[in-house]
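Here are my notes on the model, point by point. Please read them alongside the coordinates.

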Amino acid sequence: MPAVQETVDRVKAIGVSEYKYGFFSDIESEKAPKGLNEDTVRFISAKKDEPAWLTEWRLGAYRRWLTMREPRWARVDFPKIDYQDLYYYSAPKTAAGPKSLDEVDPELLKVYAKLGIPLREQEALAGIGPDRRIAVDAVFDSVSVVTTFREELARAGVIFCPVSEAVHSHPDLVQKYLGSVVPTTDNFYATLNSAVFSDGSFVYVPPGVRCPMELSTYFRINEQNTGQFERTLIIADKGSYVSYLEGCTAPKRDENQLHAAVVELIALDDAEIKYSTVQNWYPGDADGRGGIYNFVTKRGDCRGANSKISWTQVETGSAITWKYPSCILRGDNSRGEFYSIAISNGRQQVDSGTKMIHLGKNTTSRVISKGISAGRSQNTYRGQISAHRKATGARNFTNCDSLLIGNSCGAHTVPYIESKTPSAQFEHEATTSKISEDQLFYCMQRGISGEEATALIVNGFVRDVLQQLPMEFAVEAQKLIAISLEGSVG
Amino acid sequence: MRRAVPVGIGFLQKITKNGAKNFRDRRSENSSGQLALNCSNPLIFGRGKIVLEVKNLSVSIGGRQILDDLDLTVRDGEVAALMGPNGSGKSTLSHVLAGRKDDTVETGEVLLNGESLLNLEPDARAAKGLFLAFQYPVEIPGVATLTFLKAALNAQRKQRGQEEFSTPDFMKRVKALAGKLKISQDMLKRALNAGFSGGEKKRMEILQMALLEPAFAILDETDSGLDIDALRVVADGVNALRSPARGFLIITHYQRVLDYVVPDIVHVMAQGRIVRSGGKELAVELEKSGYRDYVAEPAVA
Amino acid sequence: MNADIIPARTPAEISLARTFDAFKAGLPGNMDVTKWREASFKAFKVSGLPHRRIEAWHYTDLRALMRDALPLASFPGAATIDALRAEFAAARVPRQRIVLVDGFFVPELSDGLPEGLKVRSLASALTEGRPDLIALLSSHDLAARDPIVSLNAALMQDGVVIEVAPSTVIAEPINLVHATASPTPAAHFSRSALILGAGASLRLAESRHIANRAQPVGAGQANACLIVSLGDGAKLAHTAMATGTAPAGVRLESVMVRIGARAKFDSFALVAGIGLVRRQMFVRFEGAESEALLSGVSLLGGREHADTTLLVEHVAPGCVSRETFKYILDEEATGVFQGKIHVAPGAQKTDGKMLCKAMLLSDMAAMNNKPELEIFADDVACGHGATCGGLDIDQLFYLQTRGLPFAQAEALLLEAFAGELVDGIGHEGLIKAYRREVSAWLSARHGPTAAPSRGLIA
């Protein structure tokens with residue numbers, strides 16, 4: 001069918017070179033010396049004026065990291081990373097602890113304005129209206145530069161601040177929960193993060209509180225040769241609810257940049273956390289030069305009974321994505337969800353999925369993954385569903401669909417389904433196909449161009465997941481899908 | 001075997017929320033008297049011994065109360081219709097009688113021909129003569145219908161200490177019944193209910209009932225989803241089985257099926273108990289007025 | 001993650017190395033074969049017995065499960081053969097059969113083979129060294145460095161090479177009987193080949209026979225390879241009964257299949273009663289518009305561990321593959337299913353579907369399921385499904401309301417569950433035989449399991 005061929009050709013031709021967020025901002029920054037050793041770790045800890053326990057915690061992780069190897073089981077291929085050739089700390093010079101937006105470097109504000117992220121609360125109010133406010137924590141390279149709506153959140157008892165600040169303002173909470181979901185020994189990248197993490201968001205929602213607005217963090221990597229290691233910690237206390245959004249961009253650079261974040265979620269009894277990500281790090285150019293290595297460990301612990309954690313992700317960026325947002329379903333009747341759209345184009349490599357670990361009784365989980373491969377990319381879903389012997393009455397439903405656009409890409413599905421109890425019911429289904437020619441033909445017969453028809457069908461393909469996103473993000477995600485498939489989607 | 005519905009409707013009252021309580025009180029007053037046999041049922045039948053007796057049955061599912069101190073009596077030869085709004089507990093009652101495990105019986109008793117059922121496994125209840133025609137007959141891929149029918153019939157006979165049927169005898173019986181219910185040989189060879197149409201599944205339920213010759217049969221919304229021709233086939237099947245030695249409980253939403261299988265008595269169920277009983281004209285009345293009067297009013301916040 | 005770290009040698013590995021050194025001079029084959037054996041053993045030594053850090057063996061940690069390696073079996077003596085002949089007659093083992101005793105081809109016991117079939121021992125084929133045949137027998141490209149296949153190549157003692165002349169159509173099954181007769185538990189390494197010329201058609205029925213005189217030799221260790229080559233338009237229906245009564249037995253079976261154009265390969269296997277079984281099938285579509293139907297039933301109890309691992313490679317376009325496997329797991333058994341459908345670039349119009357259903361009957365049973373899709377061509381329709389759970393309690397309830405006691409209802413459902421695939425064998429006699437095996441297994445279970453309860457989820 002010519003329309004399909006046309007689509008494929010355009011996708012190939014345009015590739016991913018038109019990365020919209022690929023500007024680079026000239027902002028003076030303060031860096032730790034290149035390379036990684038105990039001094040680097042101490043330097044970072046000292047910069048943040050951290051208590052001794054945290055410095056030791058970092059050093060413990062660093063020592064552990066020295067004994068570890070990079071995981072190799074994922075279907076991703078990249079040259080060896082020289083961990084001594086990276087900067088582990090970079091902060092915009094003027095942004096050392098701004099008290100208000102007025103203290104923030106205007107250049108930085110311009111960056112976020114370019115990104116379309118309103119940091120001034122009044123702008124946010126004007127732009128979206130009072131019913132749909134979003135509190136934003138903006139993280140630039142390694143440092144949180146501003147957090148909006150904090151006072152209003154504080155009135156509801158919600159703590160939303162940079163994690164570096166929480167270490168000082170809420171040391172008990174941080175010490176109690178940090179590393180309790182992703183221990184410092186977890187995996188190569190998470191352990192590295194534990195040693196050198198710079199900043200990230202901290203959220204605590206007290207018992208019975210429904211967070212009055214959506215919380216959001218925008219991550220931006222700006223500096224060259226800089227690893228970004230943010231750490232996010234969200235605690236939903238008993239009976240509380242919070243929805244958290246995360247967005248990411250980075251400038252176009254020819255070298256690869258490393259992003260090894262850790263996100264820990266804790267939901268206590270009857271609490272619910274909804275975590276949404278639109279990941280649009282720079283994917284590299286059409287020949288695979290540059291782009292972010294996105295090696296992220298995200299895990300939620302449904303620690304309390306009847307708790308719920310829901311991950312939704314739209315992954316369009318990064319040269320390599322290695323992430324498996326997971327749920328430990330520890331509390332009885334707890335529920336985990338994972339909704340994912342992963343789009344790869346150009347030379348991108350995606351190895352992503354989830355783990356649902358059923359430990360408690362009558363725990364349920366649902367996994368919906370939609371992978372779209374185009375160009376010369378490789379897109380892998382990798383997921384684990386397991387039921388412990390005591391997880392009686394556990395239920396999982398998994399659906400992974402892959403769509404291929406063009407014949408030079410790959411789509412792979414690697415589920416691990418492990419059950420140790422007869423009363424667990426696991427159902428898994430997966431399909432791989434290309435855009436249906438019948439559907440395309442039908443649309444075109446009704447006068448829709450091949451391009452538009454492809455867009456329609458792709459949007460239909462991912463709809464189940466898009467519906468899970470908060471409204472603003474859904475709109476953004478839809479645009480992103482269009483951009484990611486360059487030209488093939490209207 | 002038909003019986004005119006005895007007069008006595010005037011004895012009934014439409015039960016409102018308070019009325020239900022009055023009604024129950026009245027019953028307990030009577031319970032020591034001569035009418036005690038019919039204690040849950042104010043209609044008096046002189047003939048037919050009690051085949052099914054449900055006393056003070058309270059049932060919950062997953063902590064939610066579904067049946068609330070329910071009483072119900074069905075006599076030999078009687079066709080009782082059980083009507084009521086969605087969620088009133090009709091299907092739960094049928095499942096509890098048949099012995100489904102999800103339901104937690106909190107209090108009460110169920111007697112079939114005087115024998116207690118509640119501690120029996122579902123198959124033992126079947127052997128005692130209880131039959132449930134499912135609202136949604138379960139599909140069992142891989143089990144040929146004939147294999148299943150023979151296994152069921154002989155298992156029941158074995159439990160009752162009767163001789164098992166030989167294959168030729170069994171086939172003769174099935175074929176004769178299948179013909180009446182317009183069930184093809186092909187259908188009998190297919191896996192049980194797998195890929196059967198709604199009508200085919202319901203006819204298969206009736207075939208099983210005819211084959212197993214229960215003492216008491218519950219038809220759980222057997223009429224739902226049937227077109228008029230299929231309904232007639234099913235009704236003819238039921239009518240053919242009416243006998244002085246067999247009781248029926250027909251659970252339905254609609255009066256329609258009761259035009260074809262005329263009931264001796266109609267019970268109305270709401271919020272987990274029988275709130276009204278009457279003759280077949282009660283079904284007609286319900287068809288006109290709906291269940292509005294029986295549905296709980298929304299709680300005042 | 002750390003596959004390159006080689007832990008200390010286990011007793012089994014040390015013993016295998018000794019066996020190879022002691023026996024390699026006496027194993028059959030010309031110079032090329034000797035080199036092949038050496039290279040294969042070297043490859044095996046690099047990985048050792050596969051363990052959980054090797055992705056393909058993640059769920060079957062052979063290093064932990066196989067503590068020791070038994071001594072090699074030897075060719076059966078005349079008395080053994082005579083005894084088996086009598087047993088075959090008494091047990092009515094069908095004619096038209098090819099017999100391997102402890103992995104050795106025994107022509108005297110083989111019988112009634114039709115025209116168009118050329119049968120000889122592996123040993124003779126290796127000694128003669130016909131290059132095309134050696135190339136096929138090695139087929140190491142299919143099994144992609146699997147350590148167990150390498151070990152088999154290093155130590156293969158015998159087996160049978162069956163060649164079916166082009167256009168030969170043999171309607172009744174050729175029975176390949178694997179007899180176990182060694183008086184003491186032994187290890188045997190056999191490699192067989194089945195070559196169907198263009199347009200040939202055959203049904204191969206593999207079965208097991210345990211000699212009366214044998215000690216509880218079920219405890220033996222078998223490493224068997226079967227290499228199948230289907231010419232264009234050839235048709236093979238294959239059934240394998242990997243059954244026994246050996247809690248300590250180890251059976252490692254590798255089936256490697258090359259399929260030409262417009263050919264059809266149909267395979268069914270029943271696994272039951274062996275302590276540790278791994279059946280791996282490597283199937284490659286090398287010609288267009290062919291079809292492969294792979295299915296199997298595993299019935300596991302005790303502490304049995306059964307692993308089915310499939311790699312179906314669609315290299316040529318327009319081929320259809322269906323993989324359907326079912327497991328019934330009782331007591332403390334562990335089931336493993338790994339199935340990968342690989343679609344190479346250019347294998348357009350591939351239609352691949354895989355399904356695995358596992359039924360757990362005990363709180364101590366476990367199932368590990370890894371269906372995989374690896375797809376490099378866009379115009380394909382591929383999918384897989386996997387389910388895992390206990391008996392359907394609605395079905396059980398329905399059957400009980402019709403008067404079937406719990407145990408009988410359960411057996412009926414389990415028989416139907418397994419029977420669905422048995423009925424797909426497509427040969428009356430074989431269906432009956434396999435149905436009998438399934439029924440026997442079900443009736444030998446130690447009474448019914450506790451009635452399952454429904455998880456209450458609002």
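1. Chain C meets chain A through 39 residues on each side: 39 of chain C are in contact with 39 of chain A. Contact here requires C-beta atoms, placed from the backbone, to lie within 7 Å. On the chain C side, β16 (366-375) and β17 (381-389) are the elements that give two or more residues. β16(C) gives the most, with ten residues. Helices (H or I, at least four residues) and strands (E, at least two) are DSSP runs, numbered from the N terminus.

2. This is a predicted model: local features need pLDDT of at least 70, side-chain atom pairs count only at pLDDT 80 or more, and totals for chains, interfaces and linings use all residues. Residues are numbered from 1 along each chain as its sequence is written, while chains are lettered from A and ligands numbered from 1 in the order in which they are written.

3. β23 (residues 410-419) of chain A pairs with β16(C) in the antiparallel sense, over six bridges. Pairing requires that DSSP finds at least two bridges between the strands. One bridge joins His412(A) to Glu374(C) in β16(C).

4. Chain B also touches chain C. Here 24 residues of chain B are in contact with 22 of chain C. On the chain B side, α3 (122-127), β7 (140-144), α4 (145-159) and α7 (198-212) each give two or more residues. The largest share, five residues, comes from α4(B). By class, this side of chain B has 14 nonpolar, five polar and five charged residues.

5. Look next at Leu212(B), in helix α7 of chain B. Is Leu212(B) buried or exposed? Leu212(B) is buried, because 20 other C-beta atoms lie within 10 Å. The cut-offs, with C-beta atoms placed from the backbone, are 20 or more other C-beta atoms within 10 Å for buried, 12 or fewer for exposed, and partly exposed in between. Leaving aside neighbours within four places in sequence, Leu212(B) is in contact with Phe131(B), Ala152(B), Leu153(B), Gln156(B) and Gly403(C). Asn154(B) is 58 residues away from Leu212(B) in sequence, yet their C-alpha atoms are 9.5 Å apart.

6. Compare Ala176(B), in helix α5 (residues 167-180) of chain B. Ala176(B) is exposed, because 11 other C-beta atoms lie within 10 Å. Its C-alpha atom is separated by 15 Å from that of Lys150(B), 26 residues apart along the chain.

7. Chain B holds an open, antiparallel sheet of four strands, in the order β2-β1-β4-β5. β2 (64-75) and β5 (115-116) stand at the edges with a single partner strand each, so one side of each is left without a neighbour in the sheet. β1 (residues 50-61) and β4 (residues 103-112) of chain B pair in the antiparallel sense over eight bridges. In that pairing, Val59(B) has Val105(B) of β4(B) as its bridge partner.

8. Chain B is divided into domain 1 (9-136 + 213-294) and domain 2 (138-195), with bounds from an automatic or database domain assignment. Each domain gives seven residues to the contact. On the domain 1 side, α3 and α8 (228-241) of chain B each supply at least two residues. α3(B) has the largest share, four residues.

How values were computed. Contact = placed C-beta atoms within 7 Å. Nonpolar A, V, L, I, M, F, W, Y, C, P; charged D, E, K, R; others polar.
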